[in-house]
Amino acid sequence: GDEQGLDPAPNAINEGLADEFSSFLTGDGVEGEWSLGDQARDLNAHHVCPDLLWGEEHQDSAAISEPVWTLHKAHGQAIEKPVFTALAGLPHDADFEVTTAAIESALGDALGTTVKDEAHAAFADHGVTDCKRVITYTGPREILMSAGVSEVGVDPAPGYLQFKYPLAERAQNLKVKFHWSPGLTSMFGGGTASYKVVVRTGQPITWTYGINGAVPAKDYEFDLSAPSQASPTSEGTLPDLLAPGDYYVMIVGTGQVGGTLQNITITHEAVPQDDAAVPPPQDDAGAGDDAVNPNVGGRDGGCGCRAAATTPAGLVGLALLALLVLRRRRA
């Protein structure tokens, strides 16, 4: 875990650089052509962080392995030893930024500033020099992995990504929904999955870690219905009145195990228009027009029977008449 939540980078780097060296040996940037068929991984593709991230190491590795392969196509075997030197010196929890900086430095030492700058440009083009794990929500997210408390050792288990949900109008609620399928742990009886959503307004959710577990900086949170293999849909609603603005939304694991979240949707319901915004009834072609202000249409349903508008002087006269009636009754 880091300030942004669960960081998928260390596992992705582990997978990506291992794949890289197999391509160095074969000279082929397409991996698994025979075993994976149309799911073969092509290092000649162009994936960008954070858009490609799933929280699954093979998928997540593409943004770092692809630019390294681009450098290999340009410089051949000359880059192999510097890349290995950088890899051998990495800490166990190295993220994308640490790894790309180490590779750039090693390439600069071995091959000069021009190649170092070329490497930086390639990594920046894939978003891994400064990958903030926030994705603007534009529609349902196809897939995202989630972790459980027992799998990562903190409670709750932060998400791998958060969504920026731009709200252009006042809303009376915010809704999150997805389809859940079990991971390996839950498939083999490792526990149950459950989730909540944390929301922050105006700026991304951040996390701190301590004796009380993982603590998010947030403005709202709400629970989702617990999914299961028998009932895989999980959903929940934040029933607060929300002003227009940017809302940062993260799905957080509260159960022992996680799983795969598919078709993640975030929606809201707009606040109904005020009654004052409803236009008045149309005029009835002159029947019952206002005697005081002829520009005001009739409000008598078209019968022509509405009384003339009451003026302040008329109100005073009615009050005096009422007093006179009361005095006569008392007499």
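Modeller: Please do; note that this is a predicted model. The face of α7 turned away from its buried side carries Thr-113 and Thr-114, which are exposed.

Colleague: Which residues of α7 are buried, then?

Modeller: Val-115, Ala-119, Ala-122 and Phe-123 are buried in α7. They cover an arc of only 95° around the axis, so they sit on the same side of α7. In general, an α-helix has 3.6 residues a turn, so residues three or four places apart point the same way.

Colleague: And what covers the buried residues of α7?

Modeller: The cover includes α4 (62-75) and α6 (96-111).

Colleague: How far apart are the end C-alpha atoms of α7?

Modeller: They are 18 Å apart. Helix α7 has 13 residues, 113-125, and at 1.5 Å a residue these should span 18 Å, so the two values agree.

Colleague: What follows α7?

Modeller: Gly-127 follows α7, and the phi of this glycine is positive, near 80°.

Colleague: Let us turn to Thr-100. Is Thr-100 buried or exposed?

Modeller: Thr-100, which lies in helix α6, has a relative accessible area of 2%, so this residue counts as buried.

Colleague: Which residues does Thr-100 touch?

Modeller: Leaving aside residues up to four places away in sequence, Thr-100 touches Ile-64, Phe-123, Val-128 and Thr-129. Of these, Phe-123 is one of the buried residues of α7.

Colleague: A new topic: how many cavities of 30 Å³ or more are found in the whole structure?

Modeller: The search finds 1. The largest cavity holds about 40 Å³ of space.

Colleague: Which residues line the largest cavity?

Modeller: The lining consists of Leu-144, Met-145, Ser-146, Gly-159, Tyr-160, Ile-251 and Leu-261. Strand β4 (residues 141-146) gives the largest share, 3 residues. By class, 5 lining residues are nonpolar and 2 are polar, with no charged ones.

Colleague: And the pockets? What is the volume of the largest pocket?

Modeller: The volume is about 470 Å³. Of the 23 residues that line this pocket, Asn-11, Gly-55, Ser-146, Ala-147 and Tyr-160 are the closest to its centre. Helix α9 gives the most to the lining, with 3 residues. The lining divides into 9 nonpolar, 9 polar and 5 charged residues.

Colleague: How much space lies in the second largest pocket?

Modeller: About 330 Å³. The closest to its centre, of 16 lining residues, are Gln-39, Ala-40, Arg-41, His-58 and Gln-59. Here α4 gives the most to the lining, with 3 residues.

Conventions. Residues are numbered from 1 along each chain as its sequence is written. This is a predicted model: local features need pLDDT of at least 70, side-chain atom pairs count only at pLDDT 80 or more; totals for chains, interfaces and linings use all residues. Side-chain values use heavy atoms; hydrogens and water are left out. Helices (H or I, at least four residues) and strands (E, at least two) are DSSP runs, numbered from the N terminus. The expected span of a helix is 1.5 Å times one less than its number of residues. Buried means under 20% relative accessible area, exposed over 50%, partly exposed in between (1.4 Å probe, protein chains only). The arc is that of the directions from the helix axis to the C-beta atoms. Contact means heavy atoms within 4.5 Å. On a 1 Å grid over the protein atoms alone, a cavity is a set of points where a 1.4 Å probe fits but cannot get out, and a pocket is an open set with protein on both sides within 12 Å along at least five of seven lines; lining residues have an atom within 4 Å of a point. Grid points are joined across faces, edges and corners, and a volume is the space filled by probe spheres set on the points. Ala, Val, Leu, Ile, Met, Phe, Trp, Tyr, Cys and Pro count as nonpolar, Asp, Glu, Lys and Arg as charged, and the others, Gly among them, as polar.
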